[in-house]
Amino acid sequence: MIHYFDNAATTPVRPEAVQAAVEAMTQGWGNPSSRYALGSQAAEAVKRHRAQAAAGLGCRPEELFFTSCGTEGDNWAIQGAVELGRRTGKHIITTAYEHAAVLEPCKALERQGYEVTYLQPDRAGNISLDDLEGALRPDTVLVSMMLVNNELGTVLPVAQAAKLVHQKTKALVHCDAVQGFLKVPFTPKELGADLLTVSGHKIHAPKGIGALYIRGGLKFPPMIRGGGQESGLRSGTEATAQIAAFAAAVEAGAASLEGDMAHMAALKEETLQRLTAQIPGLKRVGEGTAPHILAVTLPGYKSEVIVRFLSDRGICLSSGSACHKGKPSHVYAALKLPKKELDGVLRISFSYDTTLEDVQALAEGLKAAQEQLFTSLS
Ligand code: PLP
């Protein structure tokens with residue numbers, strides 16, 4: 001029996017999405033560009049699925065472009081925005097705790113002469129709008145701010161940020177909403193985002209599919225040039241099965257969003273209560289309010305050791321230091337936690353199908369870990 005608490009890493013594919021993918025692979029497998037009926041049926045299906053996904057995201061179908069993943073959407077948004085802004089300037093603002101899919105393209109641009117301001121979170125994990133306002137300049141071409149931080153569950157003030165940016169500059173606003181989509185309610189328009197990234201495998205669709213919202217009217221440069229698919233902006237034969245599954249997952253997730261949010265928030269609270277009551281020394285990290293992500297630390301213990309211990313009991317969660325070559329995650333490091341707390345960070349992430357029994361198993365597993373593992377001396 002698996003008790004899965006790593007939904008921020010990836011999610012199981014929901015049955016509606018599996019069924020849609022199977023249908024697309026077994027019946028509607030034509031190439032949407034082909035001129036005969038099998039092709040036009042596939043093209044019709046992609047059109048229908050684009051409309052279905054756009055309805056769930058709250059945008060127009062012509063504003064939604066399918067990609068292969070969130071990383072691609074983030075890279076495209078950033079590269080395209082700086083290309084569009086090349087006559088305005090070479091300054092970008094983002095946050096220090098964005099996903100690598102945003103930070104790495106920003107670093108690449110720094111090497112090409114761009115200047116990037118990284119807004120720092122406070123100890124609670126929040127980003128200040130005053131800091132953003134102070135960083136805005138006439139030559140700022142892009143502000144990229146995530147909606148929900150993937151390691152802390154912090155919900156960032158994207159709508160207020162976008163308002164400020166648009167009042168004061170010509171910069172485009174990109175939002176990496178990979179962790180916010182179908183976890184907190186929003187539409188790209190409500191956020192004031194010009195560009196917004198989502199990813200399939202975080203919302204119970206398969207891996208290999210994502211989407212970039214590009215605000216209508218924005219003349220955005222292509223990501224991949226070729227046969228002209230995705231209105232000429234992202235060529236390559238459409239991934240019809242993944243697109244079908246993505247649309248089905250979006251529709252199902254959007255239909256049950258309110259109930260799912262309440263379910264995840266209640267389990268998150270229950271987990272926090274149980275763990276703080278039953279595991280001496282365990283502390284919360286940050287104050288993230290997203291319903292599906294809870295970061296905690298067990299100071300003095302090594303999180304990788306705990307993760308391995310729990311894995312043997314069928315419990316899956318993520319350690320704070322799983323990322324780069326043994327270095328602690330840049331997100332928790334940005335909070336300037338003391339080393340002992342940094343080493344012991346665990347990320348627990350929930351989904352609509354997490355149960356109270358899962359929470360019970362996690363609490364018991366962590367208790368056993370604390371009793372059976374040695375604390376580290378560092
Ligand atoms: N952005 C955030 C906030 C994420 O959490 C992730 C994945 O962990 C990504 C982007 C990258 O998405 P993908 O795995 O679909 O490339």
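Reader: Which residue forms a salt bridge with Asp-343, its closest N and O atoms being 2.7 Å apart?

Author: That residue is Lys-339. Bear in mind that this is a predicted model. Lys-339 and Asp-343 both lie in helix α12, four residues apart, about one turn of the helix.

Reader: With which other residue does Asp-343 form a salt bridge?

Author: With Lys-302, where the closest N and O atoms are 3.2 Å apart. This pair links distant parts of the chain, 41 residues apart. Lys-302 sits in the loop between β10 (293-297) and α10 (303-311), and Asp-343 in helix α12 (residues 339-343). Lys-302 has 29% relative accessibility and so counts as partly exposed.

Reader: How many salt bridges are found in the whole structure?

Author: The search finds 16. One of them joins the side chains of Glu-115 and Arg-137, at 2.9 Å from N to O. Here too the pair links distant parts of the chain, 22 residues apart: Glu-115 is in strand β4 (residues 115-119), and Arg-137 is in the loop between α5 (129-135) and β5 (140-144). Glu-115 counts as partly exposed at 42% relative accessibility, and Arg-137 counts as partly exposed at 25%. Salt bridges can also form a network, as they do in linking Arg-60, Glu-62 and Glu-63.

Reader: Now strands. How many residues of strand β13 are buried?

Author: Five of the five residues of β13 (residues 345-349) are buried, so the strand is largely enclosed by the rest of the structure. To read a strand, look at which way each residue points. Val-345, Arg-347 and Ser-349 point one way from β13, Leu-346 and Ile-348 point the other way, and all are buried.

Reader: Which strands pair with β13?

Author: β10 pairs with β13 in the antiparallel sense, over five bridges. Within that pairing, Thr-297 has Val-345 of β13 as its bridge partner. Strand β12 (residues 318-319) also runs antiparallel to β13, and two bridges join them. There, Leu-346 in β13 is the bridge partner of Ser-319.

Reader: What should I know before looking at a nonpolar core?

Author: In soluble globular proteins, nonpolar side chains tend to be buried together. In this model, the largest nonpolar core has 66 residues. Those with the most contacts inside it are Leu-57, Leu-132, Leu-147, Phe-181, Phe-186, Leu-196 and Phe-246.

Reader: Which helix gives the largest share of this core?

Author: Helix α8 (residues 240-255), with eight residues. The core also draws at least three residues from each of domain 1 (3-11 + 257-372) and domain 2 (15-255).

Reader: Which residues is Phe-186 in contact with, leaving aside its neighbours within four places in sequence?

Author: Phe-186 is in contact with Leu-57, Leu-147, Ala-177, Gly-180, Phe-181, Leu-191 and Leu-196. Apart from the core of 66 residues lies another core, of 28 residues, among them Leu-272, Leu-282, Leu-294 and Ala-368.

Reader: How is a pair of aromatic rings described?

Author: By the distance of the centres and the angle of the planes. The count for this structure comes to five aromatic pairs. Take Phe-5 and Phe-350: the ring centres are 5.8 Å apart and the planes are at 90°, so the pair is edge-to-face. The pair links distant parts of the chain, 345 residues apart, with Phe-5 in the loop between β1 (3-4) and α1 (15-26) and Phe-350 in the loop between β13 and α13 (356-372). Phe-5 counts as buried at 0% relative accessibility, and Phe-350 counts as buried at 0% as well.

Reader: What kind of aromatic pair do Phe-65 and Trp-76 form?

Author: An edge-to-face pair, 6.0 Å centre to centre with 75° between the planes. Phe-65 is in strand β2 (residues 64-67) and Trp-76 in helix α3 (residues 70-84), 11 residues apart. Both Phe-65 and Trp-76 are buried.

Reader: Which residues do ring pairs link into a cluster?

Author: Phe-65, Trp-76 and Phe-220.

Definitions and conventions. Residues are numbered from 1 along each chain as its sequence is written. This is a predicted model: local features need pLDDT of at least 70, side-chain atom pairs count only at pLDDT 80 or more; totals for chains, interfaces and linings use all residues. Side-chain values use heavy atoms; hydrogens and water are left out. A salt bridge is a side-chain nitrogen of Lys or Arg within 4 Å of a carboxyl oxygen of Asp or Glu. Buried means under 20% relative accessible area, exposed over 50%, partly exposed in between (1.4 Å probe, protein chains only). Two strands pair if DSSP finds at least two bridges between them. A nonpolar core is a set of buried Ala, Val, Leu, Ile, Met, Phe, Trp, Tyr and Cys residues joined through side-chain atoms within 4.5 Å. Domain bounds come from an automatic or database domain assignment. Contact means heavy atoms within 4.5 Å. Rings of Phe, Tyr and Trp (its six-membered ring) pair if their centres lie within 6.5 Å; planes under 30 degrees apart count as stacked, over 60 as edge-to-face and the rest as tilted.
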